[in-house]
There are 4 protein chains.
Amino acid sequence: MIQEFLKTRTFTGDLCKPLQLEDFVIQPVEFVSPTKWHLAHTTWFFEVFVLTKFSKDYKLYNADYPYLFNSYYEAKGDRVMRTDRGNLSRPSVEEIFNYRSHVTNALSKLLDSNPNHNELLSIVDIGIHHEKQHQELLLMDIKYCFGHNPLFPVYEESFDEQSSQEKNQNWHSVKEGLYKIGHFGKGFCYDNETEAHQVFLQEFKIRDGLVTNGEFLEFIEDGGYKDPLLWHAEAWDWIHAENINYPMYWQKKEKGWFEFTLNGLKPLNLDHILSHVSYFEAAAFAQWKGYRLPTEFEWEIAQEKFDWGKRWEWTESAYTPYPNYKKAAGALGEYNGKFMVNQKVLRGGSALTSSHHTRKTYRNFFHPHMRWQQSGVRLAK
Amino acid sequence: MIQEFLKTRTFTGDLCKPLQLEDFVIQPVEFVSPTKWHLAHTTWFFEVFVLTKFSKDYKLYNADYPYLFNSYYEAKGDRVMRTDRGNLSRPSVEEIFNYRSHVTNALSKLLDSNPNHNELLSIVDIGIHHEKQHQELLLMDIKYCFGHNPLFPVYEESFDEQSSQEKNQNWHSVKEGLYKIGHFGKGFCYDNETEAHQVFLQEFKIRDGLVTNGEFLEFIEDGGYKDPLLWHAEAWDWIHAENINYPMYWQKKEKGWFEFTLNGLKPLNLDHILSHVSYFEAAAFAQWKGYRLPTEFEWEIAQEKFDWGKRWEWTESAYTPYPNYKKAAGALGEYNGKFMVNQKVLRGGSALTSSHHTRKTYRNFFHPHMRWQQSGVRLAK
Amino acid sequence: MIQEFLKTRTFTGDLCKPLQLEDFVIQPVEFVSPTKWHLAHTTWFFEVFVLTKFSKDYKLYNADYPYLFNSYYEAKGDRVMRTDRGNLSRPSVEEIFNYRSHVTNALSKLLDSNPNHNELLSIVDIGIHHEKQHQELLLMDIKYCFGHNPLFPVYEESFDEQSSQEKNQNWHSVKEGLYKIGHFGKGFCYDNETEAHQVFLQEFKIRDGLVTNGEFLEFIEDGGYKDPLLWHAEAWDWIHAENINYPMYWQKKEKGWFEFTLNGLKPLNLDHILSHVSYFEAAAFAQWKGYRLPTEFEWEIAQEKFDWGKRWEWTESAYTPYPNYKKAAGALGEYNGKFMVNQKVLRGGSALTSSHHTRKTYRNFFHPHMRWQQSGVRLAK
Amino acid sequence: MIQEFLKTRTFTGDLCKPLQLEDFVIQPVEFVSPTKWHLAHTTWFFEVFVLTKFSKDYKLYNADYPYLFNSYYEAKGDRVMRTDRGNLSRPSVEEIFNYRSHVTNALSKLLDSNPNHNELLSIVDIGIHHEKQHQELLLMDIKYCFGHNPLFPVYEESFDEQSSQEKNQNWHSVKEGLYKIGHFGKGFCYDNETEAHQVFLQEFKIRDGLVTNGEFLEFIEDGGYKDPLLWHAEAWDWIHAENINYPMYWQKKEKGWFEFTLNGLKPLNLDHILSHVSYFEAAAFAQWKGYRLPTEFEWEIAQEKFDWGKRWEWTESAYTPYPNYKKAAGALGEYNGKFMVNQKVLRGGSALTSSHHTRKTYRNFFHPHMRWQQSGVRLAK
Ligand SMILES: [Fe+3]
Ligand SMILES: [Fe+3]
Ligand SMILES: [Fe+3]
Ligand SMILES: [Fe+3]
């Protein structure tokens, strides 16, 4: 555990290496957080859920930090409004790295002296997965910051966005029947993956390869964004209110279409996998194509038949609790349960997801108009 | 069919009898429509989906009316913005009743001369159910208008809101197993109730009686609206942004609690059935009570064990399509399918629902914060 | 006084004669009030400022009405939010006419028995002028309601909007010097016209005739709404946010330009006087023409040289207090003084202004983007 | 001129010395700009108004910068939306200092070789005063950033906010008469200070000392923020919408009142000069005290009788053009004229104003609700 803890803490720092100091500070929209906030918030999580609970006489590094770095835990007191995260130039980045070191060291010692303390280990495990989630958020947020800067800075020339796609687009069939869904057995999972239970599925087919840029461009060129019958009513309002005409990181220039990636602004490759579309766009595209999105249950049962992990794959399923779902007591109960309304489940993982973070029962979730996560589309029928 | 058609048209007029002319005009919030708009819009529906299609040489009663009285059918062209419905004093109420007579007569004649035209009859059937839906909306909207007027006008002293509740609150058990869901056999249904299909349900219990005002008052007095751990995150934001502290038509005065009904403002009866709460409040209440809301499938399977039809009952289920759902071609395809995101299913019916309108497979749907429909709470565990 | 009082009360009723009942109810935008609100509010003014003060044992007609019909007098207690005026179908129009009769009668009696009570007479005089202001507002508001209804109802075919304009456009010169400004001598005036005082004016020229539709159309056709250098910064934001491209009641159809008036929708007459432009548009037009707007002092000194009273004429002057301005004690002090910021002064009067209401020292005022008043443009240099 | 130019450029850099790199980046509210934006925008001003015009073959340092660093000059093309200034982490601070050096050097050379080019010198002079204005804005903005950070960082312990006030509060009289207003003679002035002209003033009295914190605290403790009769209608709406209860940088803690200054958070000194109030608060305070604010003309005539320059002093005067005001042709005409609506004139100067920047005819202007400038109150009667 201590190894995994230290590796995770170090990797967060590694992700920051390509950045300039100014990049740590900004928050261009409410749903993006500054890099320095991610660095501090993941640290606060360990401090407040582990150190202040299990470490005798532990004193807060700075009494103001819980107010500054709590994200959404009502049970943990007041906090800076989310929109204000990018309005704080202090504490400085250097100071936040000091805070990280302080907490990493204190926690290492605590783990060292309590190697078999199960409750402690279990919450540290949550903290590690929490930090991995924020590693992905950090990359999503940096991509947003750079992709919305007119200078289009490069994060890292060699960053692998896993954009290539096998050409074959086969349809796999799954027979109707009773199937087991959700996490069971050993290994970490979030509470929202439990409890495991049976579902009955109608027969369905699901496609091998994710939708490509080329397929989506056909949709655009066929007037997909202009045909109201393809869209949900809220989607239609959204594309007009926000003037949405293509995926988040696409751009039309005189020379043709471009796509911004963590490698910079590049000509759009039609064979690459589509990225950064909302559920609204995914559903309209599927409708136009004559297919539909899979449910999260169909996805979970079919997933062994195809490669996944390159894009977060929108499902038709709303994010609601599994049968007999119980949320944890206290503040940790706020981790997942309170978001189970008005969101859609995404399955799989993306090129921005940290290793060993996702799994076949993992339920990611976003509001249907969100698209700064690296989301893509898999078709079903 | 012609009998049912005429009865429905007449009943809409009957609902207006207690009103003064001024009451037909106003639209105090976006989601409420003026009575005169309901009268005209239901008429437009028959005119545009039936008469212009099946009645040779039929001419629009007024070429401006499609623009004025289309609600949300993109395929039927531009329309007055929803927020502007209450900004139009003309056409007058008298003129709209003339419009109704004109269309009712034309349609009667058409039905008379085509008694076996199945496509015609099937669309008229939709039009009849559509008008019944608007009859309920008309009452919901009048209740809103009167319940938000400082003079609290009475709609009808004798209107039966079906508020009394059997005292016994038994729990009924349903065994786990495969069950058939959705509409099959004869009789009218909306497309969203199809296709019928099997679901597997875990064992569950569901309560006999709906939640009462008394039970909900306990929740309030126990600080239910003040404990963030009971609420969804969006719900918590909503109750603060909108300053929500009790059900929509409750009022706290010096002399105690009152409830506004179509019979006027009355002292709150604790034995009466709770009305006009949002899904957010329903879910928080269930959480506080240690139970949960049923899913729409649980409700549909269990419904024969209890009385229903007094309140629209919130379910935990999101409004998504059934397997193999197909929406109709053209504008009628906009009736249901395009709303299948970000809404919750309600089952049952209410005291404001027209007779022969609802059924056990009927799927009503509203956004989780909505509460001007007469909604209530049934508990499951 | 009693004659003038009764005449004014009657005239308000006369203005309503062309209306249908539905027209009394609506409030399409915040700054417009329903006709029935004007009828009641002017009555409330007499009730609360005169009857409850001077009439022994007078009882409020209805204890809820002060809450419903107070406009903006903080010293007179809470009131319905301005945006809600059109959300109240009750009290009915008939009931409000009863309220009017009741108060008119009570006040007539009071005046009868106190023919020489100066304080009483002085406040009744304010009430009469207040009602005349609301007569103009009533017409402005009806024009707005009808001019924004797709059916473009006619108020009265014969209503005289005083649109014809003398052809001659002479420039009158005024020499520099000290001039006396503001109201003195006998006769009614508002507090904002006092105290009379001297101002020094530079020499200036002012134009005889008001700007015509034809002149303004040239501005439009020359790209006037597209040249940022002609506009104030806030104006430029406003025309883009609100998509402003022509005066409020103009419309471009296939057959050419039309203008809505109280006589209905008519082809635009280029020789008619321009109406319903904002200060922002007036100033941009003047800039484009190479001239400027007069100050209110220039206007007041020059006014004897030209005809006025056909349009409210925008001036360059901000609405600020005259030297030694004292506002009245109590609620009546709220009549004018509290609006003396962020508004521009208009001088003259309009075709919608009641007779004997305006005068050469009268200071009307609106925010610079407002244009539902019948405003026009006079040029100076 | 070259000396003054270099001194000004250097002083801007000096103001940044107390800052950490993170402080250059943030924009907590729309009206605040990031320090790095000020550094670049003042440079862009010289580049685009001087170098590209007068320096043969001058090439833009970076073709993207005009888009990034134009503030509001429509005639100079599109630009980043004002709200986005703080959303750009690149170009980096270091890169912007390089840009500054490049332009400073190029301009020095240009001045060197054109010592008598009057048009050139005159625009450079505007550029120097422009940069001085931004020096004050830079301090205002840093004060806002630090004063709204929960850690309340110190800008500089020794920064002199000129808060001490002579105790004597004498009233000086000025006789009625004709006075000359506006800039004449030699020396730099903005176009809004011309042309010089005569005004007639009534006799008035003006107070020697500015209003103190102690006086304003009396206003608060007397319920000043709670009495609607003291406030303009828009002010009353504003204090409620924004929850305004005291000057911008005041704070009430358990231990009493504190004031944030560039020296950090300090206990409120009642003898110090009041700072950072809006016109709305200034006018309400004057009303409560039984006095009024001076007009800008009264101020200009009376200013030789008192010390000024410690606070921007709100006047009752709206910001409108002087008689025969002509704005410059082209983009420089946008400097002042287009803001002459809805703003109030402030006279004097503040502790944050750069030396040799203000003068007795200087007309500063802000919207009446603004208070992040170091504004104070002088009383008249
Ligand atoms: Fe987190
Ligand atoms: Fe409908
Ligand atoms: Fe009034
Ligand atoms: Fe500038």
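Student: Which residues of H8(A) are buried?

Tutor: In this predicted model, the buried residues of H8(A) are Tyr279(A), Phe280(A), Glu281(A), Ala282(A), Ala283(A), Ala284(A), Phe285(A) and Ala286(A). Buried means under 20% relative accessible area, with over 50% called exposed and the range in between partly exposed (1.4 Å probe, protein chains only). Helices are DSSP runs of H or I with at least four residues, strands are runs of E with at least two, and both are numbered from the N terminus.

Student: Why is H8(A) called largely enclosed?

Tutor: Because eight of its 11 residues are buried, H8(A) is largely enclosed by the rest of the structure. The cover over its buried residues includes helix H6 (213–221), H7, S8 and strand S9 (344–348) of chain A. Just after H8(A), Gly290(A) has a positive phi of about 90°.

Student: What are the ground rules for numbering and confidence?

Tutor: Residues are numbered from 1 along each chain as its sequence is written, while chains are lettered from A and ligands numbered from 1 in the order in which they are written. The model is predicted, so local features need pLDDT of at least 70 and side-chain atom pairs count only at pLDDT 80 or more, whereas totals for chains, interfaces and linings use all residues; side-chain values use heavy atoms, with hydrogens and water left out.

Student: What makes chain A and chain B partners, and how many residues does each bring?

Tutor: Contact means heavy atoms within 4.5 Å, and 35 residues from chain A and 35 residues from chain B take part. The two chains bury about 2,800 Å² between them, 59% of it on carbon and sulfur atoms. Buried area is the accessible area (1.4 Å probe) that two parts lose on being put together, summed over both. Leu229(A), Val341(A) and Asn342(A) supply 19% of what chain A buries against chain B, more than any other three residues.

Student: How many salt bridges and how many polar contacts are there between chain A and chain B?

Tutor: A salt bridge needs a side-chain nitrogen of Lys or Arg within 4 Å of a carboxyl oxygen of Asp or Glu, and the count between chain A and chain B is zero. A polar contact is a pair of N or O atoms within 3.5 Å; within protein, one must be able to donate a hydrogen and the other to accept it, and residues adjacent in sequence count only if both atoms are side-chain atoms. By that rule, 10 residue pairs are in polar contact between chain A and chain B (both at pLDDT 80 or more).

Student: Which elements of chain A face chain B?

Tutor: Strand S3 (197–201), helix H7 (233–241), helix H8 (279–289) and strand S8 (312–318) of chain A each supply at least two residues of the side that touches chain B. S3(A) gives the most, with four residues. That side of chain A divides into 18 nonpolar, 10 polar and seven charged residues. Here Ala, Val, Leu, Ile, Met, Phe, Trp, Tyr, Cys and Pro count as nonpolar, Asp, Glu, Lys and Arg as charged, and the others, Gly among them, as polar.

Student: What are the values for chain D and chain C?

Tutor: Chain D and chain C bury about 2,700 Å² between them, 59% of it on carbon and sulfur atoms. Leu229(D), Val341(D) and Asn342(D) supply 19% of the area that chain D buries against chain C, more than any other three residues. Between chain D and chain C there are zero salt bridges and 10 residue pairs in polar contact (both at pLDDT 80 or more).

Student: How do you know where chain A stands relative to chain C?

Tutor: No contact joins chain A and chain C, and their closest C-alpha atoms lie 13 Å apart. No contact joins chain B and chain D either, with closest C-alpha atoms 13 Å apart.

Student: What makes three histidines donors of the iron ion (ligand 3)?

Tutor: Donors are N, O and S atoms within 2.8 Å of the metal (3.2 Å for Na, K and Ca); water is not among the atoms, so sites may look incomplete. His41(C) (NE2), His130(C) (NE2) and His134(C) (NE2) coordinate the iron ion (ligand 3) at 2.1 to 2.2 Å. Their spacing in sequence is H-x88-H-x3-H. His41(C) in helix H2 (residues 35–54) and His130(C) in helix H5 (residues 118–147) of chain C are 89 residues apart, a pair that links distant parts of the chain.

Student: Why is His41(C) called buried?

Tutor: Its relative accessible area is 1%, so His41(C) is buried. His130(C), at 3%, also counts as buried.
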